[in-house]
Amino acid sequence: MRLRRESIDIQLGRLAVERRTGFLQLPGDASRAIHLREGQVVYAESPRTPGLSSRLAQLPPAPEPGPLGSVQHDLMVREATVDAALDLLTASGRHWRFRTGGAPGAAGGTSLPVGVLLAEVVRRQEIVRQMAGVLTADTPVSRNPRLAADSIQVSATQWAVLALLDDAATPRELAMRASRSVFGTTIEVFRLIALSLLSTGGSLPAAGGTSDSVRQRRAGISFIRAVTDPA
Amino acid sequence: MLAPPIDTLLAQLRDIHGFQLACLIDAETGTVLGSVQDRGDLRLPVAAAGATDVVGVLSLMSGSLATDGELEDVIVTFSNYYHLIRLLPPSPAGRLILLVSLDRMDANLAMAHREIREFAASLQG
């Protein structure tokens, strides 16, 4: 008799109900894991997203003043977790095994309910789907040599992305270099393409017409469509 | 000492007349980081996603206009609700959006605008 394997989201749901503490891991692959404490997700890691230690190294030595300064550590853990979970749950299909054990100490004391994590991953998958005609996290982009406007204003984050881009790189490579969210960096790259500061081979307009990818780039991404009209 | 959860911080906004909901959103990813809601009439994920889209469109506008100004806030007026969207200054954790929705019948827009501006300033010391 052959046992039917549970998908990772069903496994996570069952572990949440049973309030288990430990981690889900691919056999023989210690680099991919989702850590749980009493049924809640405390941390997730993937070699395809920046790790927690490099992200936390960006924090100032002393917390910034004000209540938000004291939660920045937690916000970074949360983004590292969701960023890795998006990668792990999207690429899944393999058999995950649960083992007991503690989460990395740097993950701290915060946790995410499994339902909240899964809903956030579904929302992000929808945004990824919206961008897919133009850009994925693994699409090489380069600076556009043909600027349409005399001057363009970018945010500090977008400037940081532009500064990291030497020749050509993918959003994932840029995120790894900056120790930032792969999902967030892909969105910022998409916005820089919309501003015509960056381009992919596929987003350049065809002679005498407008390609589908350019039409999609102009339509942009919609967060509200991702929660009201998912595919 | 554990840092105060964002929901606890946002609960201070319940004192604003006409308060319906408040949430803090990561402007880059659209992720809701914390929220408080007094009545369930407004769907929080939809309101948060809408606020993120508004900020995204206006950022694209300011990027193309290149007037060297930063978006500070947006007031959206519906016949029955006010939605006040305030952008917080950048921090190592990213750029955050504060969304506060108010029942228009009970709210004083000028007072609420000032209270939200002061609350946002207090978040970053």
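**Sheet, domains and chain contact in a predicted model**

Residues are numbered from 1 along each chain as its sequence is written, chains are lettered from A and ligands numbered from 1 in the order in which they are written, and side-chain values use heavy atoms, with hydrogens and water left out.

Me: Which residue stands opposite A:Val41 in E5(A)?
Reply: Strand E3 (residues 40–45) of chain A pairs with E5(A) in the antiparallel sense over two bridges. In one of these pairs of facing residues, A:Gln40 stands opposite A:Pro113. For A:Val41, the residue opposite is A:Leu112.

Me: Which residue in E3(A) is the bridge partner of A:His35?
Reply: Strand E2 (residues 29–37) of chain A and E3(A) run antiparallel and pair over five bridges. The two strands form a hairpin with two residues between them, and A:Glu38 in the turn has a positive phi of about 45 degrees. The bridge partner of A:His35 is A:Tyr43.

Me: Let's turn to the domains: which element gives the most residues to the side of domain 1 of chain A that touches domain 2 of chain A?
Reply: An automatic or database assignment divides chain A into domain 1 (8–129) and domain 2 (132–228). The contact (heavy atoms within 4.5 Å) takes 17 residues from domain 1 and 18 residues from domain 2. On the domain 1 side, helices H2 (52–56), H3 (72–90) and H4 (114–131) of chain A each give two or more residues, a helix being a DSSP run of H or I of at least four residues. With six residues, the one that gives the most is H4(A).

Me: Which side chain meets A:Asp138 in a salt bridge?
Reply: A salt bridge needs a side-chain nitrogen of Lys or Arg within 4 Å of a carboxyl oxygen of Asp or Glu. Across the interface of the two domains of chain A, the rule finds one salt bridge. At 3.9 Å, N to O, the side chain that meets A:Asp138 is that of A:Arg48.

Me: And between the chains, how much area is buried between chain B and chain A?
Reply: Buried area is the accessible area (1.4 Å probe) that two parts lose on being put together, summed over both. The contact takes 37 residues from chain B and 40 residues from chain A. In chain B, B:Glu28, B:Thr29 and B:Pro92 lose the most area to chain A, together 23% of what that side buries. Carbon and sulfur atoms give 61% of the total, which is about 2800 Å².

Me: With which residue does B:Glu28 form a salt bridge?
Reply: The rule finds one salt bridge across the interface of chain B and chain A. The closest N and O atoms of the B:Glu28 pair are 2.4 Å apart, and the partner is A:Arg180.

Technical notes. Predicted model: local features only at pLDDT ≥ 70, side-chain atom pairs only at ≥ 80, totals over all residues. Pairing = 2+ DSSP bridges.
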